[in-house]
Amino acid sequence: FTHIVCTYDGQFGIIYVNSKVLLKKDFSSSADCTTNNVSVKFGGDGTTNRPLNGELPISKVYNKVLSADEVTQSFKAIRSRFNI
């Protein structure tokens with residue numbers, strides 16, 4: 001089991017793995033994100049050609065950017081459940 005969290009605050013995208021920062025990237029010079037009617041997809045490559053071959057026991061989408069402390073709290077809340 002691996003706990004992965006991705007956040008984007010309008011400037012920085014951060015990927016956390018087991019509550020540790022794996023990657024932080026400044027997207028301030030990139031094109032703006034816009035809302036559209038495209039579905040969010042978990043566990044694949046965004047097409048139907050390569051579905052997830054495994055399990056995705058928990059997935060959550062938040063309507064706010066999680067802080068580093070909130071990411072750590074989330075990790076600690078589920079780690080004993082999955083023995084990590």
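Of the 84 residues in this chain, 13% count as buried. Keep in mind that this is a predicted model. The accessible surface of the chain comes to about 6900 Å². Carbon and sulfur atoms hold 49% of that surface.

Now the layout. The chain has 1 helix and 3 strands. What pattern do they follow along the sequence? The answer is β-β-β-α. Contacts next.

On to the strands. Strand 2 covers residues 12–17. It is joined to strand 3 by 6 bridges, and the two run antiparallel. Find Gly 13, and opposite it in strand 3 you will see Lys 25. Strand 2 and strand 3 form a hairpin with 2 residues between the strands. In that hairpin, Asn 18 takes a positive phi near 50°.

How many of the 7 residues of strand 3 are buried? The count is 0, and strand 3 is hardly covered. A general point about strands: in a regular one, the side chains alternate between the two faces of the sheet.

Next, the loop between strand 3, residues 20–26, and helix 1, residues 68–79. Phe 42 is in that loop. Val 40 has its place there too, between strand 3 and helix 1.

Is Val 40 buried or exposed? Val 40 is exposed, because its relative accessible area is 61% and the cut-off for exposed is over 50%. Phe 42 has 45% relative accessibility, so it counts as partly exposed.

What does Phe 42 touch, leaving out residues up to four places away in sequence? Leu 56, Ser 59 and Val 61. Look at Ser 59 again. Phe 42 and Ser 59 are 17 residues apart in sequence. In space, they are 8.0 Å apart, C-alpha to C-alpha.

Last stop, the surface. There is a nonpolar patch of about 500 Å². Val 40 and Phe 42 are among the residues that make it. Leu 52, Leu 56 and Val 61 belong to the patch as well.

Thanks. Over to you for questions.

Notes:
Residues numbered from 1 in each chain as written. Predicted model: local features only at pLDDT ≥ 70, side-chain atom pairs only at ≥ 80, totals over all residues. Heavy atoms only, no water. Helix = DSSP H or I, 4+ residues; strand = E, 2+ residues; numbered from the N terminus. Buried < 20%, exposed > 50% of the residue type's maximum accessible area, 1.4 Å probe, protein only. Contact = heavy atoms within 4.5 Å. Areas by Shrake-Rupley, 256 points an atom, 1.4 Å probe, with all protein chains shown as cover. Pairing = 2+ DSSP bridges. Patch = residues over 30% accessible without salt bridge, like charges linked within 9 Å, V, L, I, M, F, W, Y side chains within 5 Å. Salt bridge = Lys/Arg side-chain N within 4 Å of Asp/Glu carboxyl O.
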